[in-house]
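Here's a quick briefing to read alongside the model. Keep the viewer open while you go through it.

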Amino acid sequence: MSGGATTLPRCSGVIRRGGPGDLAQVAVIQAASPEAAQWNVAGYLQYAFRVSVRGIQVAGFLVSRTLAEGETELLNLAVAPQFRRQGVARKLVESLLAESPGVVYLEVRESNRAARKFYNHMGFQEVSSRPGYYQAPPEAAIVMKFHSC
Ligand SMILES: CC(C)(COP(=O)(O)OP(=O)(O)OC[C@H]1O[C@@H](n2cnc3c(N)ncnc32)[C@H](O)[C@@H]1OP(=O)(O)O)[C@@H](O)C(=O)NCCC(=O)NCCS
């Protein structure tokens, strides 16, 4: 992804590459989002790591990795509860899709209706189910994919 910040319309924030100075706020957002993967946030620095910021406040983050040429996996996404339904995740995913030619995959907990609706809204399609994919609690993953040009 490019390193430069992009000013976005409305109040959905600015998307930029995440860095070490964002990790504390990202950890707080992740802890407030039990539906998201609960990984060690320091590990995000080795992936494509995007944050949405408003001033000095991080509103949300997205982590992804390239699997192969033309194949990207969205690893984690969360928006701080106070910034939800304001287009923050939409702008983060649009930024990912704009820089990910080919196919973008993700897995989401079957019970995570809000995220499944969000991804459907963004044009992802549900392609398969992986029973027992998640632990604590055990649950199936729904695999979703987006085809870009
Ligand atoms: C899912 C999540 C990332 C969405 O973030 P967001 O910034 O609130 O989403 P947006 O404002 O960009 O939503 C865009 C559209 O997606 C849909 N959408 C988003 N959240 C939704 C919800 N809770 N219920 C139904 N539809 C929803 C709506 O169509 C929405 O447009 P609208 O607000 O004009 O109706 C956020 O709820 C979140 O952080 N959840 C916890 C973590 C999580 O589940 N991560 C996914 C792990 S795979």
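What follows covers a helix, the core and a glutamate.

This is a predicted model, where local features need pLDDT of at least 70, side-chain atom pairs count only at pLDDT 80 or more, and totals for chains, interfaces and linings use all residues. Residues are numbered from 1 along each chain as its sequence is written. Helices (H or I, at least four residues) and strands (E, at least two) are DSSP runs, numbered from the N terminus.

**Helix α1**
- Leu23, Val26, Ile29 and Gln30 are the buried residues of α1 (residues 23-31); buried means 20 or more other C-beta atoms within 10 Å of a residue's own, exposed 12 or fewer, and partly exposed in between, with C-beta atoms placed from the backbone.
- These four sit on the same side of α1, because they cover an arc of only 120° around the axis, taken from the directions from the helix axis to the C-beta atoms.

**The core**
- The largest nonpolar core has 35 residues, and Val26, Phe61, Leu62, Leu77, Val79 and Leu92 touch the most other members; such a core is a set of buried Ala, Val, Leu, Ile, Met, Phe, Trp, Tyr and Cys residues joined through C-beta atoms within 7 Å.
- Among the elements giving two or more residues to this core are α1, α2 (88-98) and β8 (139-147).

**Glutamate 110**
- Look for glutamate 110 in the loop between β6 (103-109) and α3 (113-121).
- Glutamate 110 is partly exposed, with 17 other C-beta atoms within 10 Å.
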